[in-house]
Amino acid sequence: MTLLSVSGLTIQRRKRTILRDVSFSVGPGELVGLIGANGAGKTTLMRAVLGLLPAEGDSSLAALPQKARAQQAAWMPQAREVAWPVSVERLISLGRLPHLAAGQAIGAADRAAIDGAIADMGLEPFRHRTATNLSGGELARVLIARTLAQDTPLVLADEPIAGLDPAHQIQTMRLFAGLAQAGRSAIVSIHDLGLAARHCTRLILLGEGRLVADGAPGDVLTPDNLTDHFNITAHFARSEAGLIFQPLDVVGMD
Amino acid sequence: MTRLMLILAGLVLALFAGALVIGPANAPYWDSLSALFVDDGTPLTLVMREIRLPRAILALAIGASLGMAGAAMQGYLRNPLADPGLIGVSSSAALGAVIALQTGLAAAYAFGLPLAALVGAVLGVLLVLALAGPRGASITLILAGIVVSALAGALTSLVLNLSPNPFAASEIVFWMMGSLADRSMDHVWLALPLIGLGLALLATLARGLDALTLGEDAAQALGINLTRLRLALVVGTAAVVGASTAVAGTIGFVGLVVPHLLRPFVGARPGALLWASALGGAAMLLAADILVRVVLPTKDLKLGVVTALVGAPLFLHLIYKTRRQMA
Amino acid sequence: MNRRGSHIVTLFAGAVLVAAPVLAQDEAPQRVVSMNLCTDQLAMMLADEGQLYSVSYLSQQDRGSAMVEEARKYVPNRALAEEIYLMDPDLVIAGSFSARVTLDMLRRLDVPVVVFDPSSSLSDIPDRITQMGAVLHQQDKAARMVDEFNAALADLAAMAPHEGARPSAALYSANGWSSGSATLPGQIVAAAGFDLVADEYGMAWGGFLPLELLAMSDPNAVITGQPYPAASRAEEILDHPVVTDLKEGRMQGIVSDQDWSCGTPFVLGAIERLSTARQTATEAPQ
C-alpha cells in the first residue's frame, strides 16, 4: 500500500523548468526528509504534490478531490502565517475542518484529536494564549500541532523545525518519527542534515532541477552528493547513538 | 458566543422598535405601535406603515449587509482596514445606480436599479482585489480603494451633471453620504431580495474564512475551494452592497467599525464574526438613523456623516496601529 | 373697493421702483432685450410691435413658460453679457436673480439695465405690470392690464368660501419643500379658497415639510409640480406612496404648471382652475 505516488512530475513556473521528471512513492511508516540547497525546489515539489501548483505528470494526492485530499494529507506551509489573534486551541482546532460536514460542530472525536495534538507538542500551558503573541518557535509548534490535529495518514511539512531551539528540534523530529512508527508517514523539508540523518527513515535529495538521490540517509549523504549539491564536506559516522553527521567545510564555491 | 448573539439580537430589536416610534409626527409610542398593526383610519397608520416601517426595515437590512460585507472582506483579505465603503465598492455601486436612474434603465425594468448597482459593485470589488492582490497588504489595499473611490465618485458626478434634471446635480451628496429619508416599501421590495441572496452567500464563507487565518496554501490543504470562496465573496458582497447603495446611497465605516468592535467577543474567528457583524451593523445603522432624526429632524442629515464621525477616528487608530506593517 | 385709487397708488409705487437712468430716458426704447423668464412675459404682453428684440431661451421652452408660441417670434438669449452686448440693445431688462457679474459688465459697457424684483405676492403683480409699462413707455396699456387684473382677482375672491369653511391644501415640491401664504404659489392657492398646510406649521415663507407631517396634517388637496425629465431623488418624494395615497380620492388633477411660475396675469388662470376643482369637490362630496 502506498500513501503517495508521484511519477513524471515536471513543474514549470514563468516558462522556467524548476523540476523535471520527478518520481517517487511513499508507503506507510516512513519519515521522508526532503533535502537540497536553497532554491533546489523543495517547497515547489511539495506544493505541486499537494495540487497547489499546476504541474505535468501525476501525483496521487493532486488527483484526489479537494475534500478527500485534505483527509489524506495535512500541509504545514513554511510561512508561519496567523492573520487574527485567535487562541492556540482554536487555531489547532482548524485542523479538524476537513472532518466536519457542512454545519457540523466539533465533536468528541475532534476534541480528542485536538487534545492529543496539544499534548504531543507540549502546548498545554499555551492552550488559551493568543497565537499572534507567541514567539516564533512557540508558533511553529502550534502550527505543527494544527497539522497533527488534522489526523491524516500523511503529513507534509515545509521546514517545520526552522527557528526552534535544539531541544524542540529534536523533540519535533522524534514526534514525526513516532508518527512513522505508528504507521503514518511524513515528508519534511529540512536544512539540518544532521537531524535529517538521525531521524529520517529515508532522504530525497533535490538538485539541478531533478531528483538526485532517494534512499536511506547513509546512501544519500555520500561525499560526492554533498560536494556536488551542497558544496560541503562532512564527517559521517555510525555510533551507538545512531548516525552522526557534521558538516566540516565549504568546497567549490566562489 | 451565543450570549453575544442574544445581546446583539436584543439590541437590534430594541433599536428597531425605537426607529418605529421616533419621528417628527411625535405621536405617543403606544399609539404609534398600535396604528402599525391596526388600521384605525387615522393618518398615523399611513405614517407608520408607509414611512417608518420601510425606513426601519431598510436600516436593519442595510446595516446587516454592510456589517457582514465588512467582516467578509476583512476575513478574506486578512486585513482589518477593509470596508466596502472605504475601498470603493460602494462608490462603484452608486455609479451603477446613478447610470441606471439617469438612462431610464431603472424605470424600464423592475430590478434595473439594484442590478445595475450590483454590476457596478462587482466591477469595483474585482478592481480592488486585482490591485490589492490576494493578501491585501494595507498600503496597496488603501491606495486601490482611494483610486477606485475617486474614479467612481468623479464618474457619478459627471453622470449627475449631465442629467437634464436640475435637481440631479445637487444629489451628489446623497450618493456620497447616504440617507434613508423618505424611502418607501417599494424600495424595501427592490433591495430585500438581493440583500437576502447576498447575506446567504456571505454566510457560507464562515469556514473558508476561518481556514484562511492560516494563509491561502494551508486553507486549500484544509479542503477549502478558494475559487468558489472568491466567487461567493465577490458576488455576495456586490449583491448586498449594490442593493443597499441603490436605495440608500453610500454609507461608509459600518463595515469597518462593527467587525473591529466585535472581533474580541468572538475570539477573533472570522467565521463567527460574520453573523455577529450583521447584527452589530443592523444595530449601528438603526441607531445612526434614529440619531439623524432626533438631532436634525427637518434637515435630512446624511447617515454617512454620522457613521463617518464614529468611524473615521477608529480608522485613524487602526492605521496608527498597523503603520509598522504598512511601512 | 376703490379701484381707481389703488391704481394710482400702484402706479406711484411702480414709478419709485423704476431705476433712475431709465426715468431719464424720455424716448421709448426701440431694441429691448429681456433676460429673465418673468420679465420676458410682461415685456411680450406690453411691448409694441418691433420694440422687443430678444427674450430668454427659457421662454421658448414648454416647462416653465406660459408663452412659448409668442416667445418663438423673438431671438432667444442665454443671459450672457457678450451675447447681449452684441445684440446692441438700447435697454436690457433683468430679474434680481440674474447674475450680478453679467449686469455689471453690461453697465460698464454703457448698456442701460433695469432690474425687476420677483413677485412674491399677488399684490406685487400690478406693481410689476405698471413698472414694465413705465420702462417700455406703454403706460396706457399697462394701466388697462392692471385694471383687468384687479377686477378678475376681485371676482375670484368673491367666490372663495369664508373662514372656517376653507379646505386645506399642501403645496409639495421636490425635496419636500412646501410653500406657505407668504409666497406667490401660496397666495394663488389661498386666493382659490384654501388654507395652506405650511402655515399650520409656521412656515408661511415655505420650508421642508417632513413626509410624516404632511401625512399627519391630512390635507384635502396635495398640489405637486410637473416633474423634470430624467430621475432625481429630490422629485422621487412626489411619487412616494404617502403622497400618492393623499392625492387619491381627493381633489385630483391639480398641478402647479407654467401659469404659477411668474407674477403675471396668467396666475388668474391658475386660481380659477383651482377654484373650480374646489367647488366640484365640495359640491359632490366623496
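Reply: A:I118 is buried, because 23 other C-beta atoms lie within 10 Å of its own. (Buried takes 20 or more such neighbours within 10 Å, exposed 12 or fewer, and partly exposed is what falls in between, with C-beta atoms placed from the backbone.) This is a predicted model, where local features need pLDDT of at least 70 and side-chain atom pairs count only at pLDDT 80 or more, while totals for chains, interfaces and linings use all residues. Residues are numbered from 1 along each chain as its sequence is written, and chains are lettered from A and ligands numbered from 1 in the order in which they are written.

So, where does A:I118 sit? It is part of helix α4 of chain A, residues 108-120. (Helices are DSSP runs of H or I, at least four residues, and strands are runs of E, at least two, numbered from the N terminus.) Leaving out residues up to four places away in sequence, A:I118 touches A:I92, A:L123, A:E124, A:R127 and A:A145. (Touching, or being in contact, means C-beta atoms, placed from the backbone, within 7 Å.) As for A:L91, it is 27 residues from A:I118 along the sequence, and the two C-alpha atoms are 11 Å apart in space.

Elsewhere in chain A, strand β3 (residues 31-35) is mostly covered, with five of its five residues buried. A:L31, A:G33 and A:I35 point one way from β3(A), A:V32 and A:L34 point the other way, and all are buried. β3(A) has two partners to look at. It runs parallel to strand β7 of chain A (residues 185-189), and four bridges join them. (Strands pair if DSSP finds at least two bridges between them.) With strand β8 of chain A (residues 202-207), β3(A) also pairs in the parallel sense, again over four bridges.

Between strand β1 (residues 4-13) of chain A and β4(A), the antiparallel pairing runs over three bridges, and A:S7 has A:D58 as its bridge partner in β4(A).

How do the chains meet? Two pairs of chains are in contact, and chains B and C share the most contacts. That contact takes 22 residues from chain C and 24 residues from chain B. On the chain C side, the elements giving two or more residues are α11 (211-217), α12 (233-236) and α13 (241-247) of chain C. Of the chain C elements, α11(C) gives the most to that side, with five residues. Chains A and C, on the other hand, have no contact with each other, and their closest C-alpha atoms lie 42 Å apart.

Over in chain B, UniProt, in an unreviewed entry, places the feature "transmembrane region" at several spans, including residues 111-132 and 139-160. (UniProt positions follow the numbering used here, feature names are shortened, and annotations may be inferred rather than shown by experiment.) In the model, residues 111-132 of chain B are 95% helix and 0% strand, with end C-alpha atoms 31 Å apart. Residues 139-160 of chain B come out as 100% helix and 0% strand, and their end C-alpha atoms lie 31 Å apart.

One last stop is helix α9 of chain C, residues 184-191, which is mostly covered: seven of its eight residues are buried. Those seven are C:P185, C:G186, C:Q187, C:I188, C:V189, C:A190 and C:A191. After α9(C) comes C:G193, which has a positive phi, near 100°.
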